[in-house]
Amino acid sequence: MSEVLVTGLGTVGAYGCGGDSLRRALAAADPAPLLAAVDRSAGYHRAGGARSALLAGTGHLAAWLAPGEARRMSPPSKLAVAAARMALDCAGFADRRCGDEAASVVVATAFGPSSYSEALLRQILFEGPEATSPFLFTESVANAPAAQIAILCRARGPSVTVCQREAGVLLAVGQGAADVAAGRAPAALAGAVDEMTPLLHALLDRFAALAHVADTVDIARPFDRGFLAAEGATVLFLEDAESAAARGGRALARVLAWGSAFDPTAPQAGWGTGQACLGRAIVRGLTRAGIAVGDVDRVVAGASGARGGDRLEALTLREVFAHHPLPPVLAPKGTVGEYGGGFLGAAVLAAAGSRFGPTAGFAEEDPDLGVAPYDGSPLPRPSTVLATSFAAGGAASWLVLGAP
């Protein structure tokens with residue numbers, strides 16, 4: 001099995017475009033300047049509900065998308081292609097195309113192109129099936145962003161779309177790393193994309209998932225309560241160490257291990273109580289990769305403020321580190337929000353030694369969980385970073401990154 005490196009990082013979100021923009025946002029650890037009001041004019045939202053989200057938009061992607069390309073894409077496809085091209089540019093490909101067309105593409109999405117799906121259904125409902133737009137249909141499917149990346153970035157190898165809710169982003173990177181490590185592809189573009197439409201935002205709020213403080217700004221509360229909805233895309237360029245060295249590529253992080261598990265106690269739309277089995281699965285995964293639990297010196301948690309999800313993640317981390325001190329736990333979704341892949345970019349930056357500010361929005365530790373996220377105090381550069389993510393419905397994933 002070849003050693004897999006992250007040599008390119010592309011990201012777009014409310015924080016802007018590129019790794020430097022994300023790095024500055026994580027250091028500031030204040031989502032308030034990044035928040036935007038969600039359009040409530042359609043009447044989807046409940047009275048007094050959440051009003052804000054971390055919106056990326058697509059109007060600032062001209063440097064990464066030509067007008068003729070952009071007009072043929074849904075918002076998620078635009079975000080995903082832009083992030084992929086940023087990753088290739090970061091990796092040293094001046095033409096923003098994969099050096100080998102056999103490269104694979106693996107993209108995770110929780111909701112797919114929501115705006116085009118909504119528009120397509122409106123056409124069918126109000127105008128009849130014969131009015132259905134072929135253009136809307138081709139871009140309404142979940143795998144449209146991966147397909148557009150494959151076409152425009154010349155990545156003609158395996159193309160996979162992962163739909164596993166919050167766990168999808170780490171599963172996508174694991175699949176891409178597995179393709180490269182096993183020689184199924186010379187390189188991979190792997191990451192996540194999502195958009196946050198007014199309808200989707202309203203639905204999340206009606207399920208009481210979103211953070212909201214009456215008459216003040218909405219603030220996420222990782223390991224506490226309530227999350228901020230976000231949109232955007234993050235894509236990594238993965239390649240084996242030999243190929244990177246041959247072309248003079250620079251490693252941002254090393255991919256040491258990846259894995260997944262399932263919590264059978266989870267309901268279809270919630271989190272379960274399977275922390276013991278999930279903790280054992282992570283420990284077994286680390287052991288198979290030759291990594292001792294005590295060697296992990298940083299955790300990047302997927303904790304977003306979702307009550308059940310954060311509780312499960314905290315208790316699982318306690319199971320993993322039952323016989324070792326719990327390393328500093330970073331919870332970047334307090335700043336970058338849930339969905340859109342900012343969490344993945346934060347994990348890579350953590351492995352690279354970037355500075356993080358205190359966990360945004362965290363107010364009080366739950367004594368039953370015993371996990372207090374990072375408080376902003378100085379930390380040494382990590383050598384081994386464990387990223388974890390748990391999805392409603394039972395899916396769980398993790399990724400271990402090493403310092404470059």
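**Ground rules.** I am working with a predicted model, where local features need pLDDT of at least 70, side-chain atom pairs count only at pLDDT 80 or more, and totals for chains, interfaces and linings use all residues. Residues are numbered from 1 along each chain as its sequence is written, and side-chain values use heavy atoms, with hydrogens and water left out.

**Whole chain.** I counted 13 helices and 13 strands in the protein chain; helices (H or I, at least four residues) and strands (E, at least two) are DSSP runs, numbered from the N terminus. The radius of gyration is 20 Å, close to the 22 Å from the globule rule for 404 residues, so the chain is as compact as a globular protein of that length. I took that radius over C-alpha atoms, and the rule is 2.2 Å times the number of residues to the power 0.38. Along the principal axes, the C-alpha atoms fill a box of roughly 60 × 55 × 40 Å.

I find 57% of the 404 residues buried, meaning under 20% relative accessible area (1.4 Å probe, protein chains only). Among contacts (heavy atoms within 4.5 Å) between residues at least 6 apart in sequence, 78% join residues at least 24 apart.

**Strand β5.** Next I looked up residues 104–108, which form β5, and five of its five residues are buried. Ser104, Val106 and Ala108 lie on one side, Val105 and Val107 on the other, and both faces are covered.

Which strands pair with β5 in the parallel sense? One is β7 (residues 187–194), over five bridges, and another is β6 (residues 159–162), over four bridges. I count two strands as paired if DSSP finds at least two bridges between them. Valine 105 is a handy landmark here: it stands opposite leucine 189 in β7, and its bridge partner in β6 is serine 159.

**Helix α8.** I then turned to residues 198–206, helix α8, where the buried residues are Leu200, His201, Ala202, Leu204 and Asp205. What covers these buried residues? The cover includes β4 (52–53) and α4 (114–127). Just after α8, I noted that alanine 208 takes a positive phi of about 60°.

Notes
Buried < 20%, exposed > 50% of the residue type's maximum accessible area, 1.4 Å probe, protein only.
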